[in-house]
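Trainee: I have a protein model open and would like to learn how to read it. Could we go through it together?

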Amino acid sequence: MTVRFGGRTVLDRVNIAVQPGEVVTLIGPNGAGKTTLVRAVLGLTAPSGGRVLRRPNLRVGYMPQRLSVDQTLPLTVRRFLALWRPVTADQVAAALEEAGVKRLADSAVQTISGGEMQRVLLARALLGEPDLLVLDEPDQAVDVHGQAELFNRIAQVRQRRGCGVLLVSHDLHTVMARTDRVICLNAHVCCSGRPEDVSRHPEYHALFGGHARDLAVYVHHHDHAHAEDGKVVHDHDGDCCHG
Ligand SMILES: Nc1ncnc2c1ncn2[C@@H]1O[C@H](COP(=O)(O)OP(=O)(O)OP(=O)(O)O)[C@@H](O)[C@H]1O
């Protein structure tokens, strides 16, 4: 799939797949096209070239980076979760329990923390009984302990439901530990593979700075670079990382 905005190629012939029961994580620097790819998977952005193939009747649960809530509306978490689809009290309770925040059911959404809101948004995604769970930076508002807990939850959800999980993350350490497959995006797929196949590489460190420390990356020879407009330039002989 290719996505262009104006004359600029933001995604360049990206080809990825997520299988049932598989956790796939997209990593890449700011502006690499991660959210654009997620939006295309969700059907919110139309590809300029190529297409997104979904299994017939695929149910997709989406947990956005954030969701703004009217601060003036008195709204409990329980009522918030019933805004999008008809749900029973038991379904809401079960989804909150699965997301690890059952205790928040009667809290006002305006008063819960950013990390707690992420969990509520996870519960919201689970209420749709997803075959594919798409999580855009689920660890964004969460501290280190919370991140580990959140990724445990995601692993449990995957195991219990057998759904595929596609997530965007900047937390490379957690990603490497909790993901079946990592896809490193920089307009094109420049890195992909199982985390355990990954070994250290300077190009990877250059891409992610200090965060890449202690991460393993394997290397292939990369025959192109990218111009400002995202176009591939074929005279580059630098290495690229696959992981
Ligand atoms: N609707 C749009 N119109 C024009 N340009 C866009 C649009 N959406 C995204 N872009 C541009 O496409 C590029 C990729 O954006 P995207 O949000 O997909 O990156 P990202 O990898 O998710 O970044 P981040 O890590 O900062 O969230 C950016 O340069 C962005 O400005």
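Predicted model: local features only at pLDDT ≥ 70, side-chain atom pairs only at ≥ 80, totals over all residues.

Trainee: How many bridges join strand β3 to β6?

Mentor: Strand β3 (residues 23–27) is joined to β6 by four bridges, again with the strands parallel. Here leucine 26 stands opposite valine 168.

Trainee: What is the order of the strands in the sheet?

Mentor: Read across the sheet and you get β4-β5-β6-β3-β7-β8, which is an open sheet of six strands with mixed pairing. At the edges are β4 (60–63) and β8 (188–193), each of which pairs on one side only. From one strand to the next, the twist averages 15 degrees.

Trainee: Which residues of β6 are buried on each side?

Mentor: Start with the general idea: in a regular strand, side chains alternate between the two faces of the sheet. In this case, Gly164, Leu166 and Val168 lie on one side of β6, Val165 and Leu167 lie on the other, and all are buried. Since five of the five residues of β6 (residues 164–168) are buried, the strand is largely enclosed by the rest of the structure.

Trainee: Now a helix, please. Which residues are buried in α3?

Mentor: The general idea first: an α-helix has 3.6 residues a turn, so residues three or four places apart point the same way. In α3 (residues 89–98), the buried residues are Val92, Ala95 and Leu96. They cover an arc of only 100 degrees around the axis, so they sit on the same side of α3.

Trainee: What do the buried residues of α3 pack against?

Mentor: Their packing partners are α2 (77–81) and α4 (114–126).

Trainee: Let me zoom out. How many helices and strands are there in the protein?

Mentor: The protein has seven helices and 12 strands. Of its 243 residues, 38% are buried.

Definitions and conventions:
Residues numbered from 1 in each chain as written. Helix = DSSP H or I, 4+ residues; strand = E, 2+ residues; numbered from the N terminus. Buried ≥ 20, exposed ≤ 12 C-beta atoms within 10 Å, placed from the backbone. Pairing = 2+ DSSP bridges. Arc of directions from axis to C-beta. Contact = placed C-beta atoms within 7 Å. Axes fitted to C-alpha atoms, helices over the stretch in contact; angles between N-to-C directions.
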